[in-house]
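Subject: Structure for your files

Hello,

Here is the structure you were waiting for. Please open it first; my notes follow below it.

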Amino acid sequence: MNISRRKFLGGCGLLLGGSSGFISSLLSGSGPVALRPPGAREGKEFLATCIRCGQCVEACPYDSLKLFGLGGGLAMGTPHVEARKVPCYLCTNEDELKCIGACPSGALEPVEDRSKVRMGTAVINHKTCFAFNGVTCRVCWRVCPFQGTALVYDKRMRPTIDPKACVGCGICEEACITEKSSIVVRPANSNEGVG
Amino acid sequence: MNAKSPKRKHLKIHTILRRTTAFLFLVLLVLGALDWISWFRGGTTGTRIFGIVPFTDPLASLEVLLAGGVTKPLIWIGAGLLVLLALLLGPVFCGWICPLGFVLDLNETLSRKVRHRIHLKGRKGLPLLEPPDGLRFPLLLFVLSFSLFAGFPLFQTFSPINFLGWGIVFGVWGGLLVLLILCILEWVLPRFWCRSLCPLGGFYSLLGKAAPFRICISKSRAGKTLCGLCTTHCPMGIQVMENFTTKGFGSIADSRCTRCGACIDVCPKTVLTLGFCGKGKPLTQELGPALPCRESSFKKNESCLSGGAHGT
């Protein structure tokens, strides 16, 4: 090596001091808000553990998972679910959650049961939801895999979400018949009040 | 044979082979992603063969360990396999598998050909600069300490190798723009990424420092032409014969050597081969120059160095 030891270490120190603090503050301030695959570790920890190999994307039988591109910023190369396009079907026809089995690094941790998955919580927009505006519509209730626990109908035939039971799979978000979905999953890693 | 008949082109076997293996890796990645084959899955940082045998990029694994702490044991099996391979074979990943290395290799060949054309026409071509060496290790250290202190695997997020993988395998095209810029830049700074920046290459180089698998120099054949074609064709900018001429070693000791075989393919006298020759031992204790012994080395069983030392 042509560079002297002192220069080498000094340069490293400068680079480190300058930028690691900056990025770490960026990361802790606001982790990228995204609906992560089932079993994903919490926001910043997920970014730290995921090796961006894309094996979960390949394992997903429904093509629900996509990798972030340049637009994902620091989350580039990590998987996420765009529920309005293709939600997570929780591998209902499979023996296990395929993405968790495929993950080599442990960024996706095994879950005991599908009902224990916590990708996020569905939130209903009362202004646009048909049921809240006098038209009976049971689409979200019909498709919910935890019908009756996560999504319940009240006496006036309006859907309500139980944040303790909702897994955040987004099947309701995809199914909602209003032009812009009236039921949207708020990802578990978003900072606004979850649960 | 007619002296004027064009010389038959020498088959560049190592070049063909290494491009085939790298291309095959890329093809397998794409076929796996398309679900055309069931036994191969993964991207540039981690693959799985037959659903059982894992391979994970050792640098990615280390970054993740430093950044996130506890991980699945599977990752260590995958990384361990590649570490073992690098300990034994040196940084062969760079020369024979790396998809980015493959693209930049083709890019370099193209730029060489175009340069040659321009040169033949007598025009002044693009400037040709020497990429700085020795930056890879500080960058590697930076990437690793960044993982430790900021808890973020920096290189895995902004690695052009991954950009290429995501672009081709998963259809995330954004990063390919960066690669385009890199390819254009390398027309002026040949192999800038591999030689100067790639922390993964630096990591594999460190692992492969004592690897027995090397480019071996035939002591009896060396020193005949002194053409220096090996050095001008080395993508990593290694003075290929230096270790032999100055120290009398029978192999290339430079840790940057990726065993790509570009030097073997251009050598007119088959001085170089790939093999398990290790670092080798010096021919004699005296360090004599090989240059004056050109003629004497033709004689059988007479070593070049001793001839040089006695002064032909």
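In chain B, 50% of the 312 residues count as buried. Please keep in mind that this is a predicted model. The accessible surface of chain B comes to about 15500 Å², and carbon and sulfur atoms hold 68% of that area.

As for secondary structure, chain B has 15 helices and 5 strands. Among contacts in chain B with a separation of 6 or more, 71% are between residues 24 or more positions apart.

Searching the whole structure turned up 8 cavities of 30 Å³ or more. The largest cavity has a volume of about 240 Å³, and 24 residues line it. Nearest its centre lie C94(B), G95(B), G101(B), R191(B) and C194(B).

Which elements of chain B give two or more residues to this lining? They are α1 (13-34), α4 (92-97), α5 (99-120), α10 (192-197) and α11 (199-207). The most comes from α4(B), with 5 residues.

Both domain 1 (13-207) and domain 2 (214-310) of chain B supply at least three residues each to the lining of the largest cavity. Sorted by class, that lining consists of 15 nonpolar, 4 polar and 5 charged residues.

Regards

Definitions and conventions. Residues are numbered from 1 along each chain as its sequence is written. Chains are lettered from A and ligands numbered from 1 in the order in which they are written. This is a predicted model: local features need pLDDT of at least 70, side-chain atom pairs count only at pLDDT 80 or more; totals for chains, interfaces and linings use all residues. Side-chain values use heavy atoms; hydrogens and water are left out. On a 1 Å grid over the protein atoms alone, a cavity is a set of points where a 1.4 Å probe fits but cannot get out, and a pocket is an open set with protein on both sides within 12 Å along at least five of seven lines; lining residues have an atom within 4 Å of a point. Grid points are joined across faces, edges and corners, and a volume is the space filled by probe spheres set on the points. Helices (H or I, at least four residues) and strands (E, at least two) are DSSP runs, numbered from the N terminus. Ala, Val, Leu, Ile, Met, Phe, Trp, Tyr, Cys and Pro count as nonpolar, Asp, Glu, Lys and Arg as charged, and the others, Gly among them, as polar. Domain bounds come from an automatic or database domain assignment. Buried means under 20% relative accessible area, exposed over 50%, partly exposed in between (1.4 Å probe, protein chains only). Contact means heavy atoms within 4.5 Å. Accessible areas come from the Shrake-Rupley method with a 1.4 Å probe; for residues, only the protein chains shown count as cover.
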